[in-house]
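Dear colleague,

Please find the structure below for your records. A summary of the findings follows it.

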Protein chains: 2
Amino acid sequence: MMTDSLPSGFLASGSTCGIKDSGKPDLCLFVSEVDCAAAGVYTTNRVVGAPVVLSRQRTPGAVIRGVVINSGNANACTGESGDRDAHEMTAAVAQSLGCLPEQILVCSTGIIGVPLPMDKILNGIPTAVEGLSTEDGALTKAAAAMMTTDTFAKSLSQSQPLSTGSVSICGAAKGAAMIAPNMATMLGVVLTDAVLTPQQCDTILKEAVSHTFNCITVDGHMSTSDTVLLLANGQSGITPVSDDDVQQLTAAVRRVCEKLATDIIRDAEGAAHFVTVDVRGFATRDQAVRVARQISESALVKTAITGNDPNWGRITSAAGYAGIPFDAAHLSLQINGVTVYKHGNPVAYDEVSLSADMQRGEVSLLLELTGGPASGSEAACFWTSDLTQEYVRLNSEYTT
Amino acid sequence: MMTDSLPSGFLASGSTCGIKDSGKPDLCLFVSEVDCAAAGVYTTNRVVGAPVVLSRQRTPGAVIRGVVINSGNANACTGESGDRDAHEMTAAVAQSLGCLPEQILVCSTGIIGVPLPMDKILNGIPTAVEGLSTEDGALTKAAAAMMTTDTFAKSLSQSQPLSTGSVSICGAAKGAAMIAPNMATMLGVVLTDAVLTPQQCDTILKEAVSHTFNCITVDGHMSTSDTVLLLANGQSGITPVSDDDVQQLTAAVRRVCEKLATDIIRDAEGAAHFVTVDVRGFATRDQAVRVARQISESALVKTAITGNDPNWGRITSAAGYAGIPFDAAHLSLQINGVTVYKHGNPVAYDEVSLSADMQRGEVSLLLELTGGPASGSEAACFWTSDLTQEYVRLNSEYTT
């Protein structure tokens, strides 16, 4: 199975229009040869970039043709001129493709509060359209043009057999900081050649995002620009006909989103540890999510992990302030498979050996509630990074 | 007015019993010659230290005689033996003083999950009781014995004229990280010789804490041990007789708490900037508090301030994910008195000069909502610190 191929009927390009002083690629296009069913999940921030406002109006949609993305400038907090710029970006792409502006979605990522350099973008769009390709490599090139502080391009492609034949699904994403649930400074685009309705796209995407992009956090800061889009152009000719087909397809989209989301955490700014936070035994998924998120966002948990320190008191105390009325006497915690706290009591363990294991850079926390109020059978899994001096250096030196 | 005197009828001591490897003071006593009305405000964490459980049972109280505090070990996540140890600490102090265990409150701060070294504490209590003094200097000495990673002792004393005469109020606090609203790894003790009922103590303390200790945040991590206590022994003979008297006294207690709370922020681990976050124009105080807190806890806002960068997009976007349905078109922001964002639009300003001003180490943010949904006349003021490489170094090297 190819890992960098586009589903049938999709083209992509990544090019440089000059937004970034570095001269790196900053303009990205995903286009379908035919109209797509499309859905989007967006930041819930009250302060949003103009592209979010515009794309939100256009999804779910039945006649979407493509997505234009620029990196280096988020077109957020840019007032009315920002709204005009976002609209103009889609109009310019539509003109080159021969479709309507309303058929194009738009995303921008980068610095906040600075007007887009529209001359550069408008000059760059014809080149970006000319560069559109169906070939292997185009997906990665497009993903690279979405990057801001990312150190590697994040994309993958896979096929999924359904009862009447196989469909292809690919995805590309960016994000390395300002990463928080609902969502990150992250952009994601998922393309499939399955035959789907806009409503199916919406349901599948929301389900996938709630278990993946909404379960990652680097610094708890929800961005103004977060967007994940799903476009389905039907060019495989394969329709999910049974409930089982829909479940298989949903699971495949979720797997693509999970790989992209965890790649964002692996690329988290300054991170030295990849951390999985598994919370089990709560009455509702929402409770498990809140506990997992509180642990994942604690600066003290993160810095302990930075120091390879199995400081479990920081973890249990972070769980304790998530606002869930559990009884600590029923709480247990494992770090990398080692039980350090059981039913509210410390457990003796080999601290030196556990700390050495944490130095591998992978840390798994398993927090389990086994009785008392708020206990049940729901779980949540979060992914996060540690907090390093390098994160602080990067984010205190990145200037407006 | 003396800044280190105890109110009439109170004694204090700070001594060393050997909990800390450093040999620094770690045992602190505040005692009244007569029974006190007393109240407490405690962490709302579900995972709490044994001393919190015990002191919570004993407040509000009418016959409290004193408070025993150890630093270096939080007696939290220590199971049933932790409960016994907390009780035994109060019993040992009560025996030395000739009162009942129930008349003594207890606090512990320091490492989580390690049993208290009770032999050292029980050996140290008679010395601590012998050291009790009414003299100037005793308050600071007691405050020093509460310190963990604090770099200076936090205490003050002041008098407050009421309609029938003056009362004295003093306070001592500790805290330098794991600082979050509701509350910090912070302990605070406020003593007054005013004549108050337990119910009055409770009301006055809650009011004071909600505007001071609950409005500071270093790292958003709510501790298992946070406690603020107010003891009133009536030895001034002055009773607040009018509503005006009660208001004056409440304001005085709030001023003492504000000084202690802001001292905690000034002493925040690794901090290079003292940040005031003033949020105005919201419909309810709770909304203003949530916005102020979200800004104060953003790692991206903090690191921008570390770098003396007036990166206002990080500030407005943090406000945007506080969960308050405001309209960004009515939002304005000043940094150190300079308007950088007005009614949803960026404002041109002298970035070099503003950045130079931020280098003084004091940063004031004023975020104002002037119309639309969620607007009104309520405000909140938070105090926070920046996030530095030194914070990360300190918290990744502090081991269990």
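**Interface and fold**

In this predicted model, 51 residues of chain A are in contact with 51 residues of chain B, two residues being in contact if their C-beta atoms, placed from the backbone, lie within 7 Å. Helix H8 (299-306), helix H9 (312-320), strand S13 (345-346) and helix H11 (389-397) of chain A each give two or more residues to the side that touches chain B; helices (H or I, at least four residues) and strands (E, at least two) are DSSP runs, numbered from the N terminus. H9(A) provides the largest share, seven residues.

A rotation of 180 degrees with 0.0 Å of shift along its axis superposes chain A on chain B, at an RMSD of 0.0 Å, by least squares on the C-alpha atoms of residues with pLDDT of at least 70 in both. This is the relation of a two-fold axis. Among the residues of chain A, A:Gln389 comes closest to that axis, its C-alpha lying at 2.2 Å.

Chain A contains eleven helices and 15 strands. Its C-alpha atoms fill a box of roughly 70 × 50 × 35 Å along the principal axes. Of the contacts in chain A with a separation of 6 or more, 79% join residues 24 or more positions apart.

Residues are numbered from 1 along each chain as its sequence is written, while chains are lettered from A and ligands numbered from 1 in the order in which they are written. As the model is predicted, local features need pLDDT of at least 70 and side-chain atom pairs count only at pLDDT 80 or more, whereas totals for chains, interfaces and linings use all residues.
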